[in-house]
Amino acid sequence: MGVRATFARTVVITYCEAQYIDQNNNVHKDTVKLFGNHTLESAQNAARKKLNAKGCIVESVRHKSFYGKMSIEQFAKYCEKSDEKEW
């Protein structure tokens, strides 16, 4: 069994058309980009948090996806590291 030289995965991005109320009670309309395959219902809370809004209504969602690969060397260079061990 060989050692893997790359990581690969399909990435889904959900684009939400949303109306929201900001911290100053002003109403805005914007497109919010969320990583993951969100439904209209699951996007509501995620969009509100991303916008730091008091309230948010997601009116529609659309999706894009791509298959991405990265070498282990690139991954080790750019990833967030935690719980590093040596033996």
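## Exercises: sheet, core and a buried histidine

β1 and β2 pair in the antiparallel sense, over nine bridges; strands pair if DSSP finds at least two bridges between them. Keep in mind that this is a predicted model, where local features need pLDDT of at least 70, side-chain atom pairs count only at pLDDT 80 or more, and totals for chains, interfaces and linings use all residues. Residues are numbered from 1 along each chain as its sequence is written, and side-chain values use heavy atoms, with hydrogens and water left out.

**Exercise 1. Work out the strand order of the sheet and find its edge strands.**

Step 1: Grab a bridge to get your bearings: Gln-19 has Lys-29 in β2 as its bridge partner.

Step 2: Three of them form an open, antiparallel sheet in the order β2-β1-β3. Strands here are DSSP E runs of at least two residues, helices are H or I runs of at least four, and both are numbered from the N terminus.

Step 3: Pick the edges. β2 and β3 each pair on one side only.

Step 4: α1 lies across β1, β2 and β3 and runs at about 90 degrees to β3. Axes are lines fitted to C-alpha atoms, for helices over the stretch in contact, with angles from 0 to 180 degrees between N-to-C directions.

**Exercise 2. Which element gives the most to the largest nonpolar core?**

Step 1: List the core. It has 10 residues, including Cys-16, Tyr-20, Leu-34 and Val-58. Such a core is a set of buried Ala, Val, Leu, Ile, Met, Phe, Trp, Tyr and Cys residues joined through side-chain atoms within 4.5 Å.

Step 2: Sort by element. β1 (6-21), β2, α1 and β3 give two or more residues each, and β1 gives the most, with three.

**Exercise 3. Is His-38 buried or exposed, and what does His-38 touch?**

Step 1: Locate His-38 in the loop between β2 (27-35) and α1 (40-51).

Step 2: His-38 counts as buried because its relative accessibility is 17%; buried means under 20% relative accessible area, exposed over 50%, partly exposed in between (1.4 Å probe, protein chains only).

Step 3: Check contacts (heavy atoms within 4.5 Å). Leaving aside neighbours within four places in sequence, His-38 is in contact with Thr-14, Ala-43, Ala-46, Val-61 and His-63.

Step 4: Now the side chain: it reaches the backbone oxygen of Phe-35 at 3.4 Å.

Note on methods
A polar contact is a pair of N or O atoms within 3.5 Å; within protein, one must be able to donate a hydrogen and the other to accept it, and residues adjacent in sequence count only if both atoms are side-chain atoms.
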